[in-house]
Amino acid sequence: MSELKEKKVQAEDSEYSLSAVPKDKKVQGMWAAMVVLVGFTFFTPSMTAGGNLGIGLTLSGFLISMIVGNAFLGIYCGTLGYIGQKTGLSLDLLAHRSFGEKGSFLPSAIISITQIGWFGVGVAMFALPVTELTKGKLPVWALVIVTGAVMTVTAYLGIKALAVLGSIAVPLIAILGVYSVTWGIQKAGGIMNVFGMENKMTLAAGIAIVVGSFISGGTATPNFTRFSKTPKVAVTATVVAFFVGNSVMMIFGAVGGAVTGVADIFNILILQGLAIPAVITLGLNIWTTNNNALYTAGLGVSNITKIPMKPMVLLGGLVGTVFSVWLNNNFVSYLNLLSGMIPPVGAVIILHYILHRGDYSREDVKNPVVNPGAILAVIGGALIGIFVSWGIKPVNSLVVAAVIFLIWEMAVRPKQKA
């Protein structure tokens with residue numbers, strides 16, 4: 001490749017969707033990394049999940065579920081965040097190593113379809129209640145177009161735009177959340193009066209809700225930490241986002257849910273007399289998460305098509321916007337099914353990195369076309385996650401995928417060395 005052509009490709013692919021982030025481009029400091037990832041976890045469904053926990057659990061049950069679930073997310077996502085920073089590779093490029101050049105299309109397709117779908121659902125989650133609140137004065141179609149376009153543009157601008165948006169949105173969401181919690185505690189006459197006296201759901205169910213709220217999105221952590229200055233920055237920002245950030249969202253939702261008996265955070269804020277702040281918060285909340293979702297989808301489609309990420313972000317944003325209301329009405333259960341297939345991908349990527357760590361720093365290592373062990377691990381883990389209701393479904397799928405992949409590695413590696 002000529003020097004001129006190489007420079008042109010780099011200019012077109014400023015987000016490094018087709019190559020590792022060079023060391024001199026790993027400049028993201030602690031604050032920038034943190035607001036991007038915390039903005040990702042400041043997710044409306046996480047608050048709604050918290051609302052369900054507040055309605056169904058006692059104070060101690062809620063705290064145990066939240067701490068255990070988010071500790072698991074922090075460890076899982078922190079490990080992926082470390083791998084992303086050390087290698088400079090996106091989730092999809094990491095999949096080249098563990099799944100193979102063509103095998104990586106499977107995780108890329110699962111993640112891209114899921115994230116574009118959730119992007120569309122997020123657009124509808126904002127447009128529909130705002131239309132209802134304004135009694136139709138702001139029509140759904142207009143809100144969908146404007147919301148989808150604005151969110152697509154900021155995702156297109158890349159990782160720097162995500163950091164700027166997060167710096168604005170995260171503090172505002174936190175302020176309103178603290179106000180909402182304070183209102184709920186005062187309304188109940190003290191924190192000890194907020195929650196019920198008996199658990200209406202099991203702790204396993206509570207932990208499953210917490211883990212399930214963000215394990216699929218958290219699997220994409222390498223996409224954001226690959227720009228971090230150091231592994232310490234990447235891991236700290238990730239753990240804060242998925243342990244502290246997600247816990248904060250759960251608390252915001254749980255207190256409001258326990259006091260009002262309503263799980264949906266938008267309706268909780270309306271009942272608290274916070275209609276305008278509810279619209280602002282809902283918009284910012286969905287915006288930060290949707291940006292990261294579309295960014296992740298763009299990287300996945302780029303891996304399959306070999307076209308740089310930014311045009312793929314525009315395509316994903318267009319599809320998600322056009323089908324947003326339909327996705328919200330008809331596709332959520334399917335998206336949940338696809339989301340259940342993502343944790344096994346993370347398990348395979350983590351284990352492959354641990355077992356083949358030295359290969360990741362070498363440029364002469366040839367990736368396989370397809371790694372059957374990785375494919376079998378994802379299929380096996382997904383089937384368990386879908387059909388086995390015992391325990392914590394996302395953890396079940398992750399553990400089964402890990403076991404299958406380890407068995408395959410133990411069977412194949414000795415033959416490769418022979």
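## Helices 6 and 7

Helix 6 (residues 105-133) and helix 7 (residues 140-157) cross at roughly 140°, and their axes come within 9 Å. Axes here are lines fitted to C-alpha atoms, for helices over the stretch in contact, with angles running from 0 to 180 degrees between N-to-C directions. Helices are DSSP runs (H or I, at least four residues), numbered from the N terminus. The two helices are therefore oblique to each other; angles under 35 degrees count as roughly parallel, over 145 as roughly antiparallel, 65 to 115 as roughly perpendicular and the rest as oblique. Their crossing is right-handed, a term used if the near helix is turned clockwise from the far one by less than a right angle, and left-handed if anticlockwise.

From helix 6, the contact (heavy atoms within 4.5 Å) involves Phe-119, Val-123, Phe-126, Ala-127, Leu-128, Val-130 and Thr-131, and from helix 7 Val-140, Leu-143, Val-144, Thr-147, Gly-148, Met-151 and Thr-152. By class, these residues are ten nonpolar, four polar and no charged. Ala, Val, Leu, Ile, Met, Phe, Trp, Tyr, Cys and Pro count as nonpolar, Asp, Glu, Lys and Arg as charged, and the others, Gly among them, as polar.

## Basis of the model

The model is predicted: local features need pLDDT of at least 70, side-chain atom pairs count only at pLDDT 80 or more, and totals for chains, interfaces and linings use all residues. Residues are numbered from 1 along each chain as its sequence is written, and side-chain values use heavy atoms, with hydrogens and water left out.

## Thr-321

Thr-321 belongs to helix 14 (residues 309-322). Its relative accessibility is 12%, so Thr-321 counts as buried (under 20% relative accessible area; exposed is over 50%, partly exposed in between; 1.4 Å probe, protein chains only). Apart from neighbours within four places in sequence, Thr-321 contacts Phe-119, Val-144, Ile-145, Gly-148 and Thr-152.

## Helices 8 and 11

Helix 8 (residues 159-188) packs against helix 11 (residues 231-260) at an angle of about 30°, with the axes 9 Å apart. That makes helix 8 roughly parallel to helix 11. The crossing of these two helices is left-handed. The contact of helix 8 with helix 11 has twelve nonpolar, three polar and one charged residues.

## Nonpolar core

The largest nonpolar core has 98 residues, of which Phe-62, Phe-99, Phe-224 and Tyr-295 touch the most other members. Helix 11 supplies the largest share of this core, nine residues. Such a core is a set of buried Ala, Val, Leu, Ile, Met, Phe, Trp, Tyr and Cys residues joined through side-chain atoms within 4.5 Å.

Beyond its neighbours within four places in sequence, Phe-62 contacts Leu-53, Leu-57, Phe-195, Met-250, Ile-251 and Ala-254.
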